[in-house]
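The lead sentences concern the interface, and the grouped points then turn to the chains and their elements.

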Amino acid sequence: MSDTQTPPEAPVAASKLILPFMDAVRQVFKKMAGVDTTVNRPHLKTQASASYDVCGIIGFSGQITGSVVVSFSDSAAEKLIEAFAGMKLDRSHPDFADAVGELANMIAGSAKQHLGATASISVPSVVIGKGYTVANMSNAPCVVIPCGSPYGEFAVEVSIRQNRSS
Amino acid sequence: MNFNPEEIYQIASTIWEAQLELPVELLKIAEIEDRKRSIVVCVQISGAWKGAIVLDCPPQVARHAASIMFAAEPANVTVSDMQDAVAELVNMIGGNFKSLLPETCFLALPEVIEGGNYSIRATGSRRLGQVDFACEGESVSIAILEKLLDEAAAA
């Protein structure tokens, strides 16, 4: 990301919905890809564009609604997917997108267990390319969790809310 | 689930004509051309049936739809308005589509992707079918996806 200004920090109220994702990132990459990741201070998303070029999107429904986007830089995606899949996969290969979706699914699924609410997660959608934007819910803030790995940067964008009436 | 394209087209044409007052015409897939930019909205369905509805809408149609839905001049419609309009159309399609599904199913919030030079794939699902129709000379497509993987994989 090329923000020159310091983005606003995530509100404290959102932390109980964000912390499970921070833990999930560390655990999933360590367990499934053998990769140690760093999770940096979350901040509010201030621009509409996708953080990086390869995105896995998971929708939440039920007591938690919204979406989570796991977004990788090109180089990080290729190397992290290689570590996860145990083989090098070309970006154009369907298995590459499936692997990105599966990582997003695992992160969302792991975090879901600790959100304290009943929710279903969707089939992952994977977007690969440049010059696209993933719109977030207008009635929930989008919190970006910047992450690092030996293979490059990635981010988890969490835009979910807990429904009181559910 | 058995996919009936006629039912999907009926749902879409009713929404387009009732909500937007825009006539539509069913197309053969062969008539669809690639376009440089589009707004793709995916709404996931969970519950007794798991899958998704994916609407691929050209910007021209999205702009016209937004101008009608938000009573704005087309020139004043923003990208955000266009995204909201297409998301609302998918919500309506999803709400009607639910009536074809077994009890009880839930619609997730729509995922909206806008731009060009990208590909989108719903992993762990198979495409049951696709309906394409023309609106104001532009093609709009609706794909129905069914989830293959069990959510237990994520638990």
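The contact between the chains takes 33 residues from chain A and 29 residues from chain B; two residues are in contact if their C-beta atoms, placed from the backbone, lie within 7 Å. This is a predicted model, in which local features need pLDDT of at least 70, side-chain atom pairs count only at pLDDT 80 or more, and totals for chains, interfaces and linings use all residues. Residues are numbered from 1 along each chain as its sequence is written, while chains are lettered from A and ligands numbered from 1 in the order in which they are written.

**Interface**

- On the side of chain B that touches chain A, at least two residues each come from β2 (37-47), β5 (111-116), β6 (118-122) and β8 (138-147) of chain B. Helices (H or I, at least four residues) and strands (E, at least two) are DSSP runs, numbered from the N terminus.
- The element that gives the most to this side is β5(B), with six residues.
- By class, the side of chain B that touches chain A comprises 14 nonpolar, 10 polar and five charged residues. Here Ala, Val, Leu, Ile, Met, Phe, Trp, Tyr, Cys and Pro count as nonpolar, Asp, Glu, Lys and Arg as charged, and the others, Gly among them, as polar.
- Strand β7 (residues 132-135) of chain A runs antiparallel to β5(B) and is joined to it by four bridges; two strands pair if DSSP finds at least two bridges between them.
- Within this pairing, Thr133(A) has Glu114(B) as its bridge partner.

**Chain A overall**

- Chain A contains three helices and nine strands, in the order α-β-β-β-β-α-α-β-β-β-β-β from the N terminus on.
- Of its 166 residues, 49% count as buried. A residue is buried if 20 or more other C-beta atoms lie within 10 Å of its own, exposed if 12 or fewer, and partly exposed in between, with C-beta atoms placed from the backbone.
- Among the contacts in chain A with a separation of 6 or more, 71% are between residues 24 or more positions apart.

**Helix α2 of chain A**

- The buried residues of α2(A) are Ala76(A), Ala77(A), Leu80(A), Ile81(A) and Phe84(A). They lie on the same side of α2(A), because they cover an arc of only 120 degrees around the axis; the arc is that of the directions from the helix axis to the C-beta atoms.
- An α-helix has 3.6 residues a turn, so residues three or four places apart point the same way.
- These buried residues of α2(A) pack against α1 (15-33), β3 (54-62), β4 (64-72), α3 (94-112), β8 (143-149) and β9 (152-162) of chain A.
- Gly86(A), which follows α2(A), has a positive phi near 80 degrees.

**Chain B overall**

- Chain B has three helices and eight strands, which follow the pattern α-β-β-β-α-α-β-β-β-β-β along the sequence.
- The radius of gyration of chain B is 15 Å, close to the 15 Å that the globule rule gives for 155 residues, so chain B is as compact as a globular protein of that length. This radius is taken over C-alpha atoms, and the globule rule is 2.2 Å times the number of residues to the power 0.38.
- Of the 155 residues of chain B, 42% count as buried.

**Strand β2 of chain B**

- Nine of the 11 residues of β2(B) are buried, so this strand is largely enclosed by the rest of the structure.
- Six bridges join β2(B) to β5(B) in antiparallel fashion, with Cys42(B) partnered by Glu111(B).
- Strand β3 (residues 51-57) of chain B is also antiparallel to β2(B), through seven bridges, and Ile39(B) stands opposite Cys57(B). A hairpin of three residues joins β2(B) to β3(B).
- Three bridges join β2(B) to the antiparallel strand β4 (residues 105-107) of chain B, where Phe106(B) is the bridge partner of Ser46(B).

**Backbone features in the loops of chain B**

- A cis peptide bond, with omega about -10 degrees, joins Glu103(B) and Thr104(B); Thr104(B) is in the loop between α3 (79-98) and β4 of chain B.
- Glu21(B), a residue other than glycine, has a positive phi near 55 degrees and counts as exposed, with 8 C-beta neighbours inside 10 Å.
- Ala71(B), in the loop between α2 (59-69) and α3 of chain B, has a positive phi near 50 degrees.
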